[in-house]
Amino acid sequence: MALLPFRKRNATPDSKAAMETFLQGFSIEVMPRTAAKIENFRELLPAGTRVYIAHIDGTPFEDMVATAKRLATEGFPVMPHFPARIIKDKATLADWIARYQGEADVKQGLVLAGGVDAPRGDFDSSMALLETGLFDEAGFTHLHVAGHPEGNRDIDPAGSTKRVMEALHWKQAFSRNTDAKMAIATQFAFESRPVIAWANGLMEAGIDLPVHIGIAGPAKLQTMIKFAVSCGVGASVRVLQRRAKDVTKLVMPFEPNEILAELAVHKAANPEFNIAQVHFFPLGGIKATAGWTAEHGGPAGHAAAATG
């Protein structure tokens, strides 16, 4: 029996309404270099959209702060990355927090291990950053941590989920001792089935942190496959591999219609489902993702400049 009642690209009226509801309050991730290409985010994103700022190794911290300040000035809540393995020590972390708050009034952060193999300083995990207590001392209102619906071989090289789940249980316990609202922001995937199974498994394991599901925005198929491989996306990459076999679709952008429609319908049928929001990785460009959300998000998806 099929898990969900449809697999059509074109949404039915009911699934269209479910999609619009599911997309409300979506967030998006940018980097300083991609943000610099956008003249005015208010012309692309709905008012109040949370914007994560990815801290890729080698990015000057001054660029991160300048991007945060620019976005905050345009009226968007900013959630910069805090990658543990590239932060030298507690003093450096305190300096980052102070500069983000002084320049952009940042009170939100995505705390993660970071994309380097070996620590450059005292921290090797997001848990080590959280244990410093500096985010609470600075009055952070939201702290997000990473999730991996299809596992993470950097953490569990053998392919199990043992260490990932141990970390999530630790973060679940930490959430009871912080005033910040915590959530899990995930790596992107391309199929709804493994995402639903993973999210349900969290609840069964006693982890009830809300999930912000990572979704890849529209992009060329070749671009999508490149990012999927480099980011360690699991079995759901077969969706891209099947499409790649059809030469007539190679030049068409891959869009997240199917996975989001299926997740939206599942959420509508199961309101207790713990995926709370959608988080977009704009792999094909910020404008492409913003255009897609404007088309599928209903009135709540309209850009701030269009509704202000």
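Asn200 is partly exposed, with a relative accessible area of 31% (buried means under 20%, exposed over 50%, and partly exposed in between, with a 1.4 Å probe and protein chains only). The residue lies in helix H8, residues 192-204. Helices (H or I, at least four residues) and strands (E, at least two) are DSSP runs, numbered from the N terminus. Between the C-alpha atoms of Asn200 and Phe273 the distance is 7.5 Å, although 73 residues separate the two in sequence.

The model is predicted: local features need pLDDT of at least 70, side-chain atom pairs count only at pLDDT 80 or more, and totals for chains, interfaces and linings use all residues. Residues are numbered from 1 along each chain as its sequence is written, and side-chain values use heavy atoms, with hydrogens and water left out.

The protein chain has 13 helices and 10 strands. It holds 308 residues, and 51% of them are buried. Contact means heavy atoms within 4.5 Å. Among contacts with a separation of 6 or more, 80% are between residues 24 or more positions apart. The chain exposes about 14,500 Å², and carbon and sulfur atoms supply 53% of that area. Accessible areas come from the Shrake-Rupley method with a 1.4 Å probe; for residues, only the protein chains shown count as cover.

Strand S3 spans residues 78-83. Six of its six residues are buried, so the strand is largely enclosed by the rest of the structure. Val78, Pro80 and Phe82 point one way from S3, while Met79, His81 and Pro83 point the other way. Strand S2 (residues 51-53) pairs with S3 in the parallel sense over three bridges; strands pair if DSSP finds at least two bridges between them. Val51 has Val78 as its bridge partner in S3. From S2 the chain crosses through helix H3 (residues 61-73) to S3, in a right-handed β-α-β crossover. Right-handed means that, with the strands pointing away from the viewer, the path from the first strand over the helix to the second runs clockwise.

S3 also runs parallel to S4, and three bridges join them. Here Phe82 stands opposite Val111 in S4. S3, H4 and S4 make a right-handed β-α-β unit. The loop between helix H4 (90-104) and strand S4 (108-112) contains Asp105. This residue is exposed, with a relative accessible area of 53%. Its phi is near 55°, a positive value in a residue other than glycine.

Strand S10 covers residues 275-281. Six of its seven residues are buried, so this strand is largely enclosed by the rest of the structure. Strand S1 (residues 27-30) pairs with S10 in the parallel sense over two bridges, and Ser27 stands opposite His279. Strand S7 (residues 211-216) runs parallel to S10 as well, joined by six bridges. Ile213 stands opposite Val278 in that pairing.

A nonpolar core is a set of buried Ala, Val, Leu, Ile, Met, Phe, Trp, Tyr and Cys residues joined through side-chain atoms within 4.5 Å. The largest has 72 residues, of which Phe82 and Phe135 touch the most other members. A second, separate core of nine residues includes Phe188, Leu221, Met224 and Phe281. Phe82 and Phe135 also belong to one aromatic cluster with Phe61, Trp96, Tyr100 and Phe140. Rings of Phe, Tyr and Trp (its six-membered ring) pair if their centres lie within 6.5 Å. By this rule there are 13 aromatic pairs.

Technical notes: Rings of Phe, Tyr and Trp (its six-membered ring) pair if their centres lie within 6.5 Å; planes under 30 degrees apart count as stacked, over 60 as edge-to-face and the rest as tilted.
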